[in-house]
Amino acid sequence: MFFHIVLERNMQLHPRFFGRNLRENLVSKLMKDVEGTCSGRHGFVVAITGIESIGKGLIRDGTGFVTFPVKYQCVVFRPFKGEILEAVVTLVNKMGFFAEAGPVQIFVSKHLIPDDMEFQAGDMPNYTTSDGSVKIQKECEVRLKIIGTRVDATEIFCVGTIKDDFLGVINDPEAA
Amino acid sequence: MSEKGGKGFKSSLKSKSGKDDSSTKPKKTGKVHFDHNLGKSESRFKVLQGSDDNFQGFSASKESKGGKGSNKAKKSSVSKDSQPLELKTEKELPENAKCLMDCEAFQILQGIKEQITVLSEDPTIKIPVPFDRGLEYLKYGSCYMNPQSVRQILDPLKKHGVSEGEMCVIANVCPESTDEVFAFVPSIKGRKDKINQPLEEALAKLSKIKKST
């Protein structure tokens, strides 16, 4: 789910950037450093929407760098347990399938796929029901529920299920 | 209900430390285990719902009980219950975190993208990958064009105790029926009788403004 939050960060600026454009330099450095990163606490920082305040700079002893505490608003994407997401399938194998929802990767294990769906190997591996009415393959859209999250250095990885009510493949005519 | 939320709480704590045990234990266990385990910390949990001051204490007591049992519970209602609660009391997000509906987030990101394309004469400005992916996800995922109208339609539900986070979940799911809403947001199941009628009206209005794909 997307959130709009205020975060604070201490930005270090080299003296070469001082001058009339100090603020602009600070802001562009913040954007370069922060946008696109991921932390376990806040999730993916998708975009910075504004700067709330820039505090007084503190000169660091010995180096001449100045540290500015910057408060900024940003849009973050953080998946939660129990959240319902619509994801696009990227890989199908006999252990389950991988799907992507925004910047986050989700794995749905075979055990969390309804029992009546079997893995079919081939050029286009897929999971199909016994009567062939429902098929999960690459590029398919599925609605799934997150049941767990794991945070790496630069990304969040989730585990999901489609075994509950109202979950599974989304058919185009009935797109929610 | 609060007990279930507590469980979810615990699990979210685990995920904060980088590894989520529950993801490796997909088996569902009975709710009974939960209730027994949580008896002692019930009162603490109630306080937690209002603030996160006691969060540390709570987690310590939970951990001492042997978190494995608590993490095992995969009962869908438990984890779903915890989700709206997590939005309010999740320690990881600052208290001023505002949930965004997918359509709102789409508008914001679209605006930013337009600004970036204007500024793109500077070769050092690159559009980060999560931004692109997020925007793409929202373009196809969000089913309403106008977030203000969605808010107007869902605001009356606040009178019936639906929280901001729950509203966002409902809007993001684009439900076709009240059954879907109760399945995905079980924390409002308790108020089913009171909320069923206003929810049905809201869903009827939402289906009119749904984006045609």
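Is A:Glu100 buried, exposed or partly exposed, and at what relative accessibility? Partly exposed, at 24%. Keep that residue in mind. This is a predicted model.

Confidence first. The complex gets an ipTM of 0.83 and a pTM of 0.71 from the predictor. Chain B has a mean pLDDT of 65, with 52% of its residues at 70 or more. Residues 1–91 of chain B stay under 50. The model still has 155 contacts beyond four places in sequence for that stretch.

Now the make-up of chain B. It has 13 helices and one strand. Of its 213 residues, 49% count as buried. Its accessible surface is about 10,400 Å², and carbon and sulfur atoms hold 51% of that.

Next, a pair within chain A. A:Lys145 and A:Asp164 come to 2.9 Å between the closest N and O atoms. A:Lys145 lies in strand S12 and A:Asp164 in the loop between strands S13 and S14, so the bridge ties together parts 19 residues apart in sequence. A:Lys145 is buried at 1%, and A:Asp164 is buried at 16%.

Last, chain B. B:Glu176 bridges to B:Lys210 at 3.2 Å. Those two are 34 residues apart. Shared partners also link B:Glu104, B:Arg151, B:Asp155, B:Lys158 and B:Glu164 into one network of salt bridges.

How values were computed. Residues numbered from 1 in each chain as written. Chains lettered and ligands numbered in written order. Predicted model: local features only at pLDDT ≥ 70, side-chain atom pairs only at ≥ 80, totals over all residues. Heavy atoms only, no water. pLDDT = per-residue confidence, 0-100. Contact = heavy atoms within 4.5 Å. Helix = DSSP H or I, 4+ residues; strand = E, 2+ residues; numbered from the N terminus. Buried < 20%, exposed > 50% of the residue type's maximum accessible area, 1.4 Å probe, protein only. Areas by Shrake-Rupley, 256 points an atom, 1.4 Å probe, with all protein chains shown as cover. Salt bridge = Lys/Arg side-chain N within 4 Å of Asp/Glu carboxyl O.
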